[in-house]
Structures are given as structure tokens and as C-alpha cells.
Amino acid sequence: MGKETKTNACRILDRAKISYEEREYPVDENDLSGVHVAEVLGVPPESMYKTLVLKGDKTGYLVILIPVAEELDLKKCAKLSGNKKVEMLPMKDLQGITGYIRGGCSPVGMKKQFPTFVQEDARERESFIISAGRRGAQLVLSPKELVSFLRGEFADCIQK
């Protein structure tokens, strides 16, 4: 599989001088789950994070990154983002709001910069894996550098 052109997320990270490693994988349109991608790449699922977009009743859109095998806790996300209630962005609205499609949504390079929260366990990691902004491409980078660049924060966002 030859390298495709750089994604917008990669170009943005290059400009910000944030180091990353790109990993490509064959896309299975029947299974776009992060757990499947982790298996294909041969990495533990707890090292790969999915990008979820939510809409709050008060503050609008927010972005949450959690390990691919974990479940989001909507109540925790509402509280930490200053909302009474948050809900997942309907899939049909994802591309219009973020510029990305399901299975290729990166927290870097969305149409607008939204408040971003990364599961607090990532703070302890040297690196983690996130979407590069297209199906078939992932980025390995420092969670601390990413959170700093996105002006995000580490928070507890998952069901225990």
C-alpha cells in the first residue's frame, strides 16, 4: 500500500512541529471499529483512541477522545463541559460539522476548534494512536503534546 498524500491533520501537525508517526492499514468497510483497527495494526486497544463528537445543550459541540474499547459516560461529559446534557452527534451531521467521515475523524484539523477532552489515563502514556483524518491512516503521537496543541484537557470521560 503506497503512501497517500498527507492528510490535513498531518500538515497541521507538521506546521506546529509536533512529531508523529503515521501508520497505514487496509480498511474493512464492514468493520470500522477502533478495536478492529487495533487488531489489524497489532497494537493493544487501550493505546488506540477514538474521536467522538458530542453536542451539549448549552455550549454546543465538543470532542472527546477515549480508548477504542471503552464506553463514553455522557453524564460525566456533560458535567465537565458545562452542559446539563450532551448527546452524540448524529452520524449524518459528522462531515458537515467536522469535515471528517466516520472511521476517519481526527481531533486535529476539524472545520472549527471545539473544546476537546482526552481520557485522563492518556496523560500517563508516552504515546497513543489517533485517526490521521482518513480511513486507513492512524497517527502515533504524544498525548500531552496533542492536548497542549488543541488547548484541550485531560478528564475522566468513560464508564467505570
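**Surface, fold and helix packing**

Colleague: What are the ground rules here?

Modeller: This is a predicted model: local features need pLDDT of at least 70, side-chain atom pairs count only at pLDDT 80 or more, and totals for chains, interfaces and linings use all residues. Numbering runs from 1 along each chain as its sequence is written, and side-chain values use heavy atoms, without hydrogens and water.

Colleague: OK, the fold. How many helices and strands?

Modeller: Five helices and eight strands. These are DSSP runs numbered from the N terminus: helices are H or I with at least four residues, strands are E with at least two. The order along the sequence is α-β-α-β-β-α-β-α-β-β-β-α-β.

Colleague: How compact is the chain?

Modeller: The radius of gyration is 15 Å, close to the 15 Å that the globule rule gives for 160 residues, so the chain is as compact as a globular protein of that length. The radius is taken over C-alpha atoms, and the rule is 2.2 Å times the number of residues to the power 0.38. The C-alpha trace spans about 45 × 35 × 30 Å along its principal axes.

Colleague: What percentage of the residues is buried?

Modeller: 48% of the 160 residues. Buried means under 20% relative accessible area, exposed over 50%, partly exposed in between (1.4 Å probe, protein chains only).

Colleague: And contacts between residues at least 6 apart in sequence: what percentage joins residues at least 24 apart?

Modeller: 61% of them. A contact is heavy atoms within 4.5 Å.

Colleague: Switching to charge. How many positive and negative side chains?

Modeller: 25 positive and 23 negative, with the centres of the two sets 7 Å apart. Lys and Arg count as positive, Asp and Glu as negative; His and the chain ends are not counted. Each charge is placed at NZ of Lys, CZ of Arg, CG of Asp or CD of Glu.

Colleague: Now H1. Which residues are buried?

Modeller: Ala9, Cys10, Ile12 and Leu13, in a helix covering residues 8-15. Seen down the axis of H1, they fall within an arc of 165°, so they line one face of the helix. The arc is that of the directions from the helix axis to the C-beta atoms.

Colleague: What covers them?

Modeller: The cover includes strand E1 (21-24), strand E7 (137-141) and helix H5 (143-150).

Colleague: And H2, which residues are buried there?

Modeller: His36, Val37, Ala38 and Leu41, within residues 34-41. The buried residues of H2 pack against E1 and E7.

Colleague: Which residue with positive phi follows H1?

Modeller: Lys17, near 60°. Lys17 is not a glycine. Most residues other than glycine have a negative phi. Lys17 sits in the loop between H1 and E1 and is exposed at 72% relative accessible area.

Colleague: What about Arg151, what is its phi?

Modeller: Positive, about 55°, and again not a glycine. Arg151 lies in the loop between H5 and strand E8 (153-155). Arg151 counts as exposed, at 69% relative accessibility.

Colleague: Last one. Where is Pro90?

Modeller: In the loop between strand E4 (86-88) and helix H4 (91-98). Pro90 is partly exposed at 38% relative accessibility. From Val53, Pro90 is 37 residues away in sequence and 9.0 Å away in space, C-alpha to C-alpha.
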